[in-house]
Amino acid sequence: MNSNPDTDVPPAVAFSLKPLMFETFACTLAMMSFVALIGPIARVLGLAPWQAGLAVTVGGIAWVLFARRWGAASDRLGRRRIILQGLGGFVLTYAGLCAFVIVALRNPLPVWLAFAGVVVLRGMAGGFYAAVPATGAALIADHVPPEKRAGALAMLGAASGLGMVAGPGVAGMLAAHSLELPLFITAVLPLASLAVLWRWLPRAEHHAAPDAAALKIGDARLRRPLAVAFTAMFSVIVAQVVVGFFALDRLHLDAPAAARAAGIALTVVGVALILAQLLVRGLGWPPERLIRIGCAVSAVGFGSILFAATQPFLWIGYFVAAAGMGWVFPSVTALAANAVNANEQGATAGTVAAAHGLGIILGPLVGTLVYDIDPGAPYALIAALLALAALWPARAKAGMAPLGAATRR
């Protein structure tokens, strides 16, 4: 296990979470706004629902493919260089995506061309942005001692949750005027976050030794963090995908009422994530404890939905489940960071991000397949998986890794 206390950081480096929090909020808001708009945009462009779904999913696929590579590159070349390159690429490709959609809305294109353009640009944007959370988590590991990492990562999670809640709302308000307006506005947000990071990110950094061994995906130290990271994201995505169907079939609502019930449930999720992650920093508990309690709470929340017969019951179940997830997400990243050496932080953060991405990809497929068995089956599945994650026995703690595992520029 590696420790990087604040005394290891040169006095010239004034590390602060605030730039990363602003970037996380701004970019999450932009991405969630686009997700909220994809349905209306697809309808105007003549895309089928599956084409719109693939356009969103391809971002997760790119995330899985590139997050680990970006993270490992930050170990060799430095956090600042990689995070700015990744975010710079995201700024260009996301702006290109918005511009392409605006042009297509004004000048109708052949369906195949509109589909190809959205998929390619969305995939490129996801591939570039994969560098940012992976490198950001490694940057925190460089500057924050192990016992405080979960709290620091939770603050990033709270910023992301705020963006998740605000994004659809902002998109809805601006789209009332035109579909183009939210695309114009949200394309500027990543650029603003790039300027903030360029100005305030530390310039003195950790670097891996030239002969440092590459971190293996199957490294025993990461088995539990990766399994929990996948399970947590998989569970959240399954719950997001099936909630509308559940409101139709189990609560017996009509389509407009089901959409409203699902929308409120997902808003409740964002609020619970924010509140829970703000609480993590105040508690100061170790990641292992937060993961166990968080997974158990989420299992109870999702399991309770099996008995939901009214909308408020559904919303309460989602709130409880999301509150548990608010403890799990930052803690699993901190657990992984605390298990490896300084020269492996980037590759580790990228690997955890890839596990999240795999959950994003498989969640919709598995969730809808299991839903065909019974409307409550997806909730029973994810509750069982989270219960198993809570009961996973802790591995013996390793000794402290030598600080010489990383060199400084």
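In this predicted model, the chain is built from 13 helices and 2 strands. Of its 409 residues, 55% are buried. Among contacts between residues at least 6 apart in sequence, 88% join residues that are at least 24 apart.

**Helix packing**

Two packed helices are described by the angle between their axes and the distance between the axes. Two pairs are set out below in these terms.

| Helix pair | Residues | Axis distance | Angle | Crossing |
|---|---|---|---|---|
| H1 and H3 | 18–45 and 79–106 | within 12 Å | roughly 25 degrees | left-handed |
| H2 and H4 | 49–77 and 111–129 | 7 Å | about 30 degrees | right-handed |

The axes of H1 and H3 come within 12 Å and cross at roughly 25 degrees, and because angles under 35 degrees count as roughly parallel, H1 is roughly parallel to H3. On the H1 side the contact is made by Leu20, Glu23, Cys27, Ala30, Met31, Phe34, Ile41, Val44 and Leu45, and on the H3 side by Ile83, Leu87, Phe90, Tyr94, Leu97, Val101, Ala104 and Leu105. By class, the residues of this contact divide into 16 nonpolar and 1 charged, with no polar residue.

The axes of H2 and H4 lie 7 Å apart at an angle of about 30 degrees, and these two helices are therefore also described as roughly parallel to each other. The H2 residues in this contact include Trp50, Trp63, Phe66 and Trp70, while those of H4 include Phe115, Arg122, Phe128 and Tyr129. Glycines take part from both helices, among them Gly59 of H2 and Gly123, Gly126 and Gly127 of H4. The contact of H2 with H4 comprises 15 nonpolar, 5 polar and 1 charged residues.

Cys27, which belongs to the H1 side of the contact with H3, is buried with a relative accessible area of 0%. Cys98 also counts as buried, at 2% relative accessibility. With a disulfide taken as a pair of cysteine sulfur atoms within 2.5 Å, the count of disulfides comes to 0.

Thr93 lies in helix H3 and is buried, because its relative accessible area of 8% falls under the 20% limit. Leaving out residues up to four places away in sequence, Thr93 touches Leu121, Met124, Ala125 and Phe128. Phe128 is also one of the H4 residues in the contact with H2.

Ala152 has its place in helix H6, which covers residues 146–175, and is buried with a relative accessible area of 4%. Apart from its neighbours within four places in sequence, Ala152 is in contact with Leu17, Ile140 and Val144. Ala152 and Ser331 are 179 residues apart in sequence, yet their C-alpha atoms are 9.9 Å apart in space.

Which backbone angle sets His252 apart as a residue that is not a glycine? Most residues other than glycine have a negative phi, whereas His252 has a positive phi of about 60 degrees. His252 lies in the loop between helix H8 (223–249) and helix H9 (255–283).

Key: Residues numbered from 1 in each chain as written. Predicted model: local features only at pLDDT ≥ 70, side-chain atom pairs only at ≥ 80, totals over all residues. Heavy atoms only, no water. Buried < 20%, exposed > 50% of the residue type's maximum accessible area, 1.4 Å probe, protein only. Axes fitted to C-alpha atoms, helices over the stretch in contact; angles between N-to-C directions. Helix = DSSP H or I, 4+ residues; strand = E, 2+ residues; numbered from the N terminus. Parallel < 35°, antiparallel > 145°, perpendicular 65-115°, else oblique. Left-handed = near helix turned anticlockwise from the far one by under 90°. Contact = heavy atoms within 4.5 Å. Nonpolar A, V, L, I, M, F, W, Y, C, P; charged D, E, K, R; others polar.
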